[in-house]
Amino acid sequence: QVQLVESGGGLVQAGGSLRLSCAASGRTISDYAMGWFRQAPGKEREFVAAIRRSADYTYYADSVKGRFTISRDNAKNTVYLQMNSLKPEDTAVYSCAASGKILYGSRWFSSREYDYWGQGTQVTVSL
């Protein structure tokens, strides 16, 4: 079992940047595909980004493509989400997740495929 703790959220103006971190403990994240999801008030949780175990491929929601970058440092047991050119519509609680499954196709984008979750970190983007 792996425990995940996010950090790095906060309040930022539109156009600004934040870097979220997800620190894992209990097991090495090299055993897991990792993802970031977000949930805004009154909305369903949505996929943001994911990265393969070997970090040789990444996946992004269309809404963040070109602005967000997911990365992982297996030696530090940490996953990152660099968020640039932030918009008010990016405001949400961001959670990292780990999947022990073999993911392919649309399974990468489904929260049901992820086994472990962090508690989330709030990101608020103001005008």
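User: How many bridges join strand 5 to strand 6?
Analyst: Bearing in mind that this is a predicted model, there are three bridges between strand 5 and strand 6 (residues 58-60), and the two strands run antiparallel. One of the residue pairs is Ala49 with Tyr60, the latter lying in strand 6.

User: And the turn in that hairpin, which residue takes a positive phi?
Analyst: That is Ala55, whose phi is near 65 degrees, in a hairpin that has six residues between strand 5 and strand 6.

User: Is strand 5 mostly covered or mostly open?
Analyst: Strand 5, which spans residues 46-51, is mostly covered, since five of its six residues are buried.

User: Switching to the four-stranded sheet, what is the strand order?
Analyst: The order is 1-3-8-7, in an open sheet with antiparallel pairing. Strand 1 (3-7) and strand 7 (68-73) are at the edges, and because each has a single partner strand, one side of each is left without a neighbour in the sheet. From one strand to the next, the twist averages 15 degrees.

User: How many bridges join strand 7 to strand 8?
Analyst: Six bridges join strand 7 to strand 8 (residues 78-83), and these strands run antiparallel; among the pairs, Arg72 has Val79 of strand 8 as its bridge partner.

User: Okay, cysteines now. Which ones form a disulfide?
Analyst: The structure holds one disulfide, formed by Cys22 and Cys96, with their sulfur atoms 1.9 Å apart. It links distant parts of the chain, as Cys22 sits in strand 3 (residues 18-25) and Cys96 in strand 9 (residues 92-99), 74 residues apart.

User: What is its handedness, and why?
Analyst: The torsion about the S-S bond of Cys22 and Cys96 is about 50 degrees, so the disulfide is right-handed.

User: And are those cysteines buried or exposed?
Analyst: Cys22 is buried, because its relative accessible area is 1%, under the 20% cut-off. Cys96 is likewise buried, with a relative accessible area of 0%.

Notes
Residues numbered from 1 in each chain as written. Predicted model: local features only at pLDDT ≥ 70, side-chain atom pairs only at ≥ 80, totals over all residues. Heavy atoms only, no water. Buried < 20%, exposed > 50% of the residue type's maximum accessible area, 1.4 Å probe, protein only. Pairing = 2+ DSSP bridges. Axes fitted to C-alpha atoms, helices over the stretch in contact; angles between N-to-C directions. Disulfide = S-S within 2.5 Å.
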